[in-house]
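Visitor: Please take me through this model, one feature at a time.

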Amino acid sequence: MMQDRKTLRRQLRQQRNALTPRQQKIAAAQALRYLGRQLWFRRARHIALYLPNDGELDTAPIIDLCRSQGKHLYLPVLHPVRHNRLWFTPYTRRTPMRLNRYRIAEPIPQGRPRRPAFALDLVLMPLVGFSASGGRLGMGGGYYDRTFAYRMRSKGLRGPKLVGLAHDFQRRNELPLEPWDVPLDAILTDRCCYRISY
Ligand SMILES: Nc1ncnc2c1ncn2[C@@H]1O[C@H](COP(=O)(O)OP(=O)(O)OP(=O)(O)O)[C@@H](O)[C@H]1O
Ligand SMILES: [Mg+2]
């Protein structure tokens with residue numbers, strides 16, 4: 001029987017929070033290897049990602065690689081006007097940071113040039129659970145879903161490639177999905193890269 005979203009979130013979050021720092025480090029290093037092989041990654045110049053929290057796959061090695069390759073990085077911040085949507089603000093070594101209400105580090109807004117979602121090449125997003133066919137279960141805020149909701153209305157609309165980053169154990173054969181859940185183009189884990197063909 002398929003579990004409800006609440007139970008599944010609790011179970012998967014518990015599982016990833018139980019990983020040791022060493023396991024996290026190995027997983028992040030493995031995921032980096034698979035990422036480096038992807039053509040869509042090599043081509044991407046403007047990339048949004050996240051800083052890990054709650055046992056999420058660590059992005060530190062990806063950040064280092066991107067910086068060494070001169071790619072432009074962005075972090076999500078809450079949109080000042082459009083309710084519960086994300087904007088993306090540049091993230092460099094010099095970006096001043098603060099803790100937000102979820103105690104996650106985020107850039108301090110400085111009138112820096114922010115990017116709307118559609119002006120990015122690639123978005124590497126966190127998730128709680130995924131299916132190999134591109135289903136995504138997040139933490140329950142609906143932020144990514146609202147931000148990329150345009151994809152549900154017109155499939156042909158161009159925008160960034162949406163890729164989930166996760167530990168491979170976060171995969172489920174069946175996910176309790178809702179109509180507003182925006183599907184992913186690929187999921188990258190410590191074990192492989194799942195490509196979705198629609
Ligand atoms: N496009 C949308 N427009 C309005 N509300 C939305 C939209 N997408 C999701 N929501 C609302 O957001 C709430 C949370 O959605 P959901 O449980 O899918 O979050 P999530 O995918 O886990 O979170 P996130 O997207 O932040 O990772 C739901 O109650 C849903 O009604
Ligand atoms: Mg969702």
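Predicted model: local features only at pLDDT ≥ 70, side-chain atom pairs only at ≥ 80, totals over all residues.

Visitor: Does Gly142 count as buried, partly exposed or exposed?

Guide: Buried means under 20% relative accessible area, exposed over 50%, and partly exposed in between (1.4 Å probe, protein chains only). Gly142 has 23% relative accessibility, so this residue counts as partly exposed.

Visitor: How much of the area of ligand 1 does the protein bury?

Guide: Let me begin with the backbone. A polar contact is a pair of N or O atoms within 3.5 Å; within protein, one must be able to donate a hydrogen and the other to accept it, and residues adjacent in sequence count only if both atoms are side-chain atoms. Oxygen atoms of ligand 1 lie 2.8 Å from a polar backbone atom of Gly142, 3.1 Å from a backbone N or O atom of Tyr144 and 3.4 Å from a polar backbone atom of Met139. By the Shrake-Rupley method (1.4 Å probe; for residues, only the protein chains shown count as cover), ligand 1 taken alone exposes 650 Å², and the share buried by the protein is 73%.

Visitor: Which element gives the largest share of the shell around ligand 1?

Guide: A residue is near a molecule or strand if one of its heavy atoms lies within 4 Å of it. Of the 15 residues around ligand 1, those that come nearest are Arg5, Arg136, Gly140, Asp145 and Trp180. Both α1 (5-17) and α5 supply at least two residues of this shell. The largest share, 4 residues, comes from α5.

Visitor: How many charged residues does the shell around ligand 1 have?

Guide: Ala, Val, Leu, Ile, Met, Phe, Trp, Tyr, Cys and Pro count as nonpolar, Asp, Glu, Lys and Arg as charged, and the others, Gly among them, as polar. The shell has 5 nonpolar and 4 polar residues, and its charged residues number 6.

Visitor: What is the relative accessible area of Asp181?

Guide: Both coordinating residues are worth a look. Asp145 is buried, with a relative accessible area of 11%. Asp181 is buried too, and its value is 8%.

Visitor: How wide is the arc that the buried residues of α4 cover?

Guide: In helix α4 (residues 60-68), Ile62, Ile63 and Cys66 are buried. The arc is that of the directions from the helix axis to the C-beta atoms. These residues lie on the same side of α4 because their arc around the axis is only 100 degrees.

Visitor: Which residues are exposed on the other side of α4?

Guide: An α-helix has 3.6 residues a turn, so residues three or four places apart point the same way. On the other side of α4, the exposed residues are Asp64 and Ser68.

Visitor: Which backbone nitrogen does the side chain of Thr189 reach?

Guide: Thr189 is in the loop between β10 and β11 (193-195), and at 0% relative accessibility this residue is buried. Its side chain has a polar contact of 2.8 Å with that of Asp168. At 2.9 Å, the Thr189 side chain also reaches the backbone nitrogen of Arg191.

Visitor: What is the phi of Asn84?

Guide: Most residues other than glycine have a negative phi, and most peptide bonds are trans. Asn84 is in the loop between β2 (72-78) and β3 (86-90). Although Asn84 is not a glycine, its phi is positive, at about 55 degrees.

Definitions and conventions: Residues numbered from 1 in each chain as written. Chains lettered and ligands numbered in written order. Heavy atoms only, no water.
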